[in-house]
Amino acid sequence: MKKIIILSLILCFIFPFSFSSSIAKTEKSSLKSSVSKTSRIKIKDPKLITIRKINSVDADLYKKKLNEDKVKYKQIKSVLNQDQFNLYKVTEKLLRANNLQYQNWRVGIKNKTEDVNAYTTAANLIIIHSALYDSIYNDETALAFVVSHEISHNILNHGQKSYEIQYKIKDLESQAEDMRRREEAIYALGDIAVDLQISKLCKKLRLMEYQADKEALTLMARAGFDMKEASNALNFLDRLPEINSIYDTHPSTAKRISAVNNELNILNINALKAQGQNNLYNSKVINVKKSSDKKTFILEAQKEFKHFSYVAEPQDLKLLEKAYFQYREKDFDSAQANFEQAYSINKTNYIPALYLSYIDEYNYYKLHDRKLIKKSYHWVKRAKKIKPNDKNVLKQYNDVKTVIKSKKK
Ligand SMILES: [Zn+2]
């Protein structure tokens, strides 16, 4: 039997969605007022982090290119039906803006099922069930989220990983069944152990869902979708059933929503959009071909892209860039949270620890709270452990140590 690895979207959001950054805003404004009092204190910045430059395509040239593309889209429209064309347009934009046309992508809407779902297989097939498609066909952002979530499973190689995990789960389940049949004395104990292993594997599958959601937002930002709409677009998900158990392969609704919002807060949307515009500008419209089953269609690979592959940006680097941007904007509370998160993901990079030391030192001069200079010392010690001979680290270490020593006297 052909292996079909299903990584479904099972969009199991159930709580009403609300996107709010009001807390961050309040913190920011209170911070600004205190900053004005302390503007004499110098913020340290050896410029160790780069914020990506935004190299936009010339607006007129880009407009001209879009008009040229429109002619080609008209031809393609005549080959597909309206729903297929809708799906093609969204998918084509996502693929081209992210340089993903190095392979064929097969896309389709599956009828005759009431399952509100979408899934992808290892063979680059993306299927949206008609029950899901019909509920979002006129919401381009929602449709883009569904498609990019499935594309993400593919480009993050979740197909193979998921297959291996699902195979292990099946194996464990049959072991458990075997034990039950033989009514072994150790059955109860063995069953608990098997359950634990299965729940750990399910957790891995849930992690893939978070990763696919996050990467989907990056793909969408490059393709120029309105990211303010992106979180609202997830509202449609709350109509879908939610399954809550440790064996569920999908994360809980609330956690998924909050992960999406966190990601939206750290992405450099403008830089991604500019990258995407460059990619769209420098590529041709993707050709379409009806696939042999007549139900799906193929977005054909382009030979100029055959050596491309997709590299997802590491989460700690995204956080670092955002944190540094906030640091320069003197939004220290947000910067601190993001530097801390970057550090917790990658403890081999000294930079977030060094900047965390700068923030606590700055806050110490502002608030004269001894705890803060101790915190600053704690962070620079961590940076020193990672990079003992770095000149910026040594300078900060000595600076903070001097303050601590002088206060002891
Ligand atoms: Zn999924």
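Mentor: Happy to. Let us begin with what a contact is: two residues are in contact if their C-beta atoms, placed from the backbone, lie within 7 Å. Keep in mind that this is a predicted model.

Trainee: With that in hand, which residues of H12 meet H13?

Mentor: On the H12 side they are Phe332, Ala335, Gln336, Phe339, Glu340, Ala342 and Tyr343. Their partners in H13 are Pro352, Ala353, Tyr355, Leu356, Ile359, Tyr362 and Asn363. Sorted by class, the residues of this H12 and H13 contact are 11 nonpolar, two polar and one charged.

Trainee: How should I think about the spacing of residues along a helix?

Mentor: The general idea is that an α-helix has 3.6 residues a turn, so residues three or four places apart point the same way. Look at the H12 list again with that in mind: Phe332, Ala335 and Phe339 are among the residues that meet H13.

Trainee: And what describes the geometry of a packed pair?

Mentor: Two packed helices are described by the angle between their axes and the distance between the axes. Here H12 (residues 332-345) and H13 (residues 350-367) pack at about 150°, with their axes 9 Å apart. Angles over 145 degrees count as roughly antiparallel, and H12 and H13 are therefore roughly antiparallel to each other. The crossing of H12 past H13 is left-handed.

Trainee: At what angle do H11 and H12 cross?

Mentor: Roughly 160°, and their axes come within 8 Å. H11 and H12 are therefore roughly antiparallel to each other as well, and H11 passes H12 in a left-handed crossing. From H11, the contact uses Gln315, Asp316, Leu319, Leu320, Lys322, Ala323, Gln326 and Tyr327. H12 contributes Phe332, Ser334, Ala335, Asn338, Phe339, Gln341, Ala342 and Ile345. By class, this H11 and H12 contact has nine nonpolar, five polar and two charged residues.

Trainee: Gln315 is in that list. Is Gln315 buried, exposed or partly exposed?

Mentor: Gln315 lies in helix H11 (residues 315-328). A residue is buried with 20 or more other C-beta atoms within 10 Å, exposed with 12 or fewer, and partly exposed in between. Gln315 has 16, so it is partly exposed. Gln315 also pairs up with a residue from elsewhere in the sequence: Leu267 is 48 residues away along the chain, yet the two C-alpha atoms are 9.9 Å apart.

Trainee: How far does H3 reach from its first C-alpha to its last?

Mentor: H3 spans 23 Å over its 16 residues, close to the 22 Å expected at 1.5 Å a residue. The buried residues of H3 include Val90, Thr91 and Leu94, the three that meet H5.

Trainee: Now for the backbone: what does a positive phi tell me?

Mentor: Most residues other than glycine have a negative phi, and most peptide bonds are trans. Just after H3, Asn99 takes a positive phi of about 50°. Asn99 sits in the loop between H3 and strand E2 (105-110), and Asn99 is buried, with 21 other C-beta atoms within 10 Å.

Trainee: Where is Lys47 found?

Mentor: In the loop between helix H1 (22-37) and helix H2 (59-77). Lys47 has a positive phi of about 55° although it is not a glycine. Lys47 is exposed, with 8 other C-beta atoms within 10 Å. Its C-alpha is 9.1 Å from that of Tyr324, 277 residues apart along the chain.

Trainee: And what is the view for the chain overall?

Mentor: The chain has 15 helices and six strands. Of its 409 residues, 34% are buried. Among contacts between residues at least 6 apart in sequence, 73% join residues at least 24 apart.

Note on methods. Residues numbered from 1 in each chain as written. Predicted model: local features only at pLDDT ≥ 70, side-chain atom pairs only at ≥ 80, totals over all residues. Helix = DSSP H or I, 4+ residues; strand = E, 2+ residues; numbered from the N terminus. Expected span 1.5 Å × (residues − 1). Axes fitted to C-alpha atoms, helices over the stretch in contact; angles between N-to-C directions. Parallel < 35°, antiparallel > 145°, perpendicular 65-115°, else oblique. Left-handed = near helix turned anticlockwise from the far one by under 90°. Nonpolar A, V, L, I, M, F, W, Y, C, P; charged D, E, K, R; others polar.
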